[in-house]
Amino acid sequence: QAIKIDLSGQHIDKSELSEGTHRTPVQIPNVYLDNSASSLIFENPCYECTLELVVPGTETVAYTYSIPDGDNMVVLPEWLSGQYELHIHRGNFCFWGVIEL
């Protein structure tokens with residue numbers, strides 16, 4: 001059974017935002033973790049996204065993957081286990097949450 005990952009989001013490069021510019025808020029991706037298949041499932045394809053698994057409390061990237069256009073599932077390597085910060089980079093935005101593998 002897949003579990004929804006609670007993600008937060010943040011604009012990375014605020015210099016691109018100008019005074020008076022009102023844009024539609026960015027939509028946080030809906031991502032689910034299926035531990036039985038060691039996979040992340042995206043409700044909608046995450047075009048031009050890079051996924052990173054970071055060791056909590058450090059800046060050590062344990063795994064990185066560029067999601068191909070149209071893909072909505074990422075199968076994670078079997079050697080990954082434990083708790084990670086999931087980072088999803090899309091353009092000037094970063095979405096993050098915590099997952100347990």
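Which residues does Ile5 touch, not counting residues up to four places away in sequence? In this predicted model, where residues are numbered from 1 along each chain as its sequence is written, local features need pLDDT of at least 70 and side-chain atom pairs count only at pLDDT 80 or more, while totals for chains, interfaces and linings use all residues. Side-chain values use heavy atoms, with hydrogens and water left out.

With contact taken as heavy atoms within 4.5 Å, Ile5 touches Val31, Tyr32, Leu33, Leu40, Leu86, Val98 and Ile99. Ile5 also belongs to the largest nonpolar core, which has 20 residues, and is among the members that touch the most others, together with Leu40, Phe42, Leu51, Leu53, Leu86 and Ile88. Such a core is a set of buried Ala, Val, Leu, Ile, Met, Phe, Trp, Tyr and Cys residues joined through side-chain atoms within 4.5 Å, where buried means under 20% relative accessible area (1.4 Å probe, protein chains only) and exposed means over 50%. Two or more residues come to this core from each of β3, β4, β5, β8 (83–90) and β9 (93–100), strands being DSSP runs of E of at least two residues, numbered from the N terminus.

An open sheet is formed by four antiparallel strands in the order β1-β3-β4-β7, two strands being paired if DSSP finds at least two bridges between them. Because β1 (3–4) and β7 (73–75) stand at the edges with a single partner strand each, one side of each has no neighbour in the sheet. Within the sheet, four bridges join β3 (residues 31–34) to β4, and Tyr32 stands opposite Ile41 in β4.
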